[in-house]
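The entries are in the order I looked things up.

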Amino acid sequence: MAHDPVRLELIKNAIGSVVDEMVLTIIRIAYSSIMKDTMDLSSAFCDRRGRMIAQGLSLPLHLGSVPDAMDAVIAKYGDTLDPGDIVILNDPYQGGMHLPDIFMFKPVFVGERLLGYAMLVAHHNDMGGRVPGSSAADSTEIFQEGLRIPILKLYERGQPNQTLMDMIAINVRIPDVVLGDLQAQVAACRIAERGMTELAQRHGVDVLEGYFEELLDYSEREARRTIRSIPDGVYRFVDRLDDDGVNMDQPVTVAVAVHVQGDELTVDMTGTSPQVRGAINSTLSFAKSAVYFAVRSIMGSDAPNNAGFFRPIHVKAPLGCLVNPRSPAAVAARGISGFRLIDAMFGALAQAVPHAVRAAGEGGTTSYSFGCYDAEGRFSLFREAVMGAWGGGHRREGIDGVANPAANIANAPIEMVENSAPIRIERYELVPDSGGPGEWRGGMSVMRQLRFLGERATLQLRSDRRNNRPYGLSGGGHGQPSNNLLEDNGVWSQLPTKFTRPLAKGQAIRHTTAGAGGYGDPLRRDPAVVLDDVRNGKVTPEAALGDYGVVVLRRPWRVDQPATLAQRAKLAVARKESVA
């Protein structure tokens, strides 16, 4: 059939509005902060064959996980689902990612005809297991991580599966919150059902399905056009995680070889470390998401994120490695491995299209949770993710205090944190001199200090990029490392990058994310821009001299004198030698 480009654009935006409304519904009515404030969730609509047609706003890192989960549901139920059915799963070895992420699918019918599936995946505060929050990096097998939900019907012909809901409720620490968030997902899927039904009635099912095909083809064409812009070749990069949360002195390797030939791109992760004892193993579906995101990041088109985009991109990883583990490997903290894979992808792509890629960001979100008890024994759970900074790029300044682009989530507001749990946030700030120096400076670290005010708690924290700092590009410097400190009676002590530990009343935790890498020779940075950085507290006068060779004077603020590159280099070397 001939496709009207105007109508195609209208339908594309209409479907996009439907899946976006799913996310907004969750934000309005969910119980937990991780959904309402952090917005750790994603939505999509898939056609009757399970192909993703559109993805809603929220997390790009869920992009590649939807097809595997959808395929698992279709493999089990085929065409036997009825109107009113809702299917859920969270098992990483049956289409899921990690246990806190619950996938939900609702078939959408127009009359007797299946149009497709409304899909939403959302991170729940707790799925039981040995540690509150169910995301500890030091678990060593998935059985420790919480309740595994295989592919099951939560609703059948509109009627709730009370047995399954009771099973979930008795296995989690905050059943009212978890069940409330599940109902928020149900409501979001029903919103999508209504929106897609109205769209089918307006255009007709046959016409609408024809435009589904055109949207898939459109995204495929744009993906192939982007790949053709990359010179043919093989581009390799190796990055590392500091540790796996169990073997604290053993770095974990993430290796990629990006093969580009014409309009096809293959990523081979041979050389990546074998699966590890700690919980940073990642499902292959999540690894695919990281690869898709990296390619999407250099794409200059607004083509929708759908299954057509995946067609020319191929991902390979040996079974039993970090990003394709065998069961029962623990995977709760798999997010950090996905972020490192993205950094490795960008490191490889920078060799081919250096102006299209930024230096490494903060290394991914820091995830932490407090499982708290007060004097009366009442339990509360608070969980969030802290980020972030973007690296510098070609003629692009690094960005301070912003979500990692692969996550697109938010730090929780201080007032909400303090009203949710017995926690006081004492410091929340950007850290001077933390962004990697460069002609375009890297984004700054974020520091968050929290003091526990309850009786006792279990704290779980997952971070990285202390021993393997975010890299710079084209002569730019590394970002500063991350750090974790514990305060007890006025004494600060060092903590590892990943840990689970008890907290007593009055103890405080200070976490600092890594700073992002810089881009380009720092000595080429405009002295006037360096002066602005110093005046705004982003760079100290000492770092202005040591990193950029710029002498900044006060009263009034000014650059001492213009200098050649050679003079600036000499000043910088002299400053570093004096410090040493």
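The notes below go from the whole chain to single residues.

**Entry 1: the whole chain**

I am working with a predicted model. I counted secondary structure before anything else. The chain has 13 helices and 24 strands. Its radius of gyration is 24 Å, close to the 25 Å that the globule rule gives for 580 residues, so the chain is as compact as a globular protein of that length. I then took the extent of the C-alpha trace, which is about 80 × 65 × 45 Å along the principal axes.

How much of the chain is buried? I get 60% of the 580 residues. The exposed surface comes to about 21,700 Å², and 50% of it is supplied by carbon and sulfur atoms. Of the contacts between residues at least 6 apart in sequence, 71% join residues at least 24 apart. For charges, I find 62 positive and 67 negative side chains. The centres of these two sets are 4 Å apart.

**Entry 2: two serines**

I went to Ser 139, in the loop between strand E5 (113-123) and strand E6 (152-156). Ser 139 has a relative accessible area of 2%, so I note it as buried. Its side chain makes a polar contact with the side chain of Arg 130, at 3.0 Å. Beyond its neighbours within four places in sequence, Ser 139 also contacts residues including Arg 277, Gly 278, Ala 279 and Ala 330.

Next came Ser 367, which lies in strand E12 (residues 366-373). Buried or exposed? At 6% relative accessibility, Ser 367 is buried. Which side chain does the side chain of Ser 367 make a polar contact with? The partner is Arg 383, at 2.9 Å. Setting aside neighbours within four places in sequence, I list the contacts of Ser 367 as Arg 383, Glu 384, Ala 385, Gln 460, Leu 461 and Arg 462. I also checked Gln 449, 82 residues from Ser 367 along the chain; the two C-alpha atoms are separated by 14 Å.

**Entry 3: accessible side chains**

Arg 202 sits in helix H5 (residues 175-203). Its relative accessible area is 57%, so I put Arg 202 down as exposed. Its C-alpha is 22 Å from that of Gly 84, 118 residues away along the chain.

Trp 557 is in the loop between strand E23 (552-553) and strand E24 (558-559). I have Trp 557 as partly exposed, with 32% relative accessibility. Not counting residues up to four places away in sequence, Trp 557 touches Leu 531, Val 534, Arg 535 and Val 552. Arg 524 is 33 residues from Trp 557 along the chain, with 21 Å between their C-alpha atoms.

**Entry 4: backbone angles**

I noted two cis bonds. The bond from Ser 327 to Pro 328 is cis, with omega near 10°. Pro 328 falls in the loop between strand E11 (313-316) and helix H9 (335-352). Met 387 and Gly 388 are also joined by a cis peptide bond, with omega about 10°. Gly 388 is in the loop between strand E13 (379-386) and strand E14 (389-390).

Then phi. Arg 465 has a positive value, near 65°. Arg 465 is in the loop between strand E18 (456-462) and strand E19 (483-488). It is buried, at 1% relative accessibility. Ser 474, in the loop between E18 and E19, has a positive phi of about 50°.

Terms used:
Residues are numbered from 1 along each chain as its sequence is written. This is a predicted model: local features need pLDDT of at least 70, side-chain atom pairs count only at pLDDT 80 or more; totals for chains, interfaces and linings use all residues. Side-chain values use heavy atoms; hydrogens and water are left out. Helices (H or I, at least four residues) and strands (E, at least two) are DSSP runs, numbered from the N terminus. The radius of gyration is taken over C-alpha atoms; the globule rule is 2.2 Å times the number of residues to the power 0.38. Buried means under 20% relative accessible area, exposed over 50%, partly exposed in between (1.4 Å probe, protein chains only). Contact means heavy atoms within 4.5 Å. Accessible areas come from the Shrake-Rupley method with a 1.4 Å probe; for residues, only the protein chains shown count as cover. Lys and Arg count as positive and Asp and Glu as negative; His and the chain ends are not counted. The place of a charge is taken as NZ of Lys, CZ of Arg, CG of Asp or CD of Glu. A polar contact is a pair of N or O atoms within 3.5 Å; within protein, one must be able to donate a hydrogen and the other to accept it, and residues adjacent in sequence count only if both atoms are side-chain atoms.
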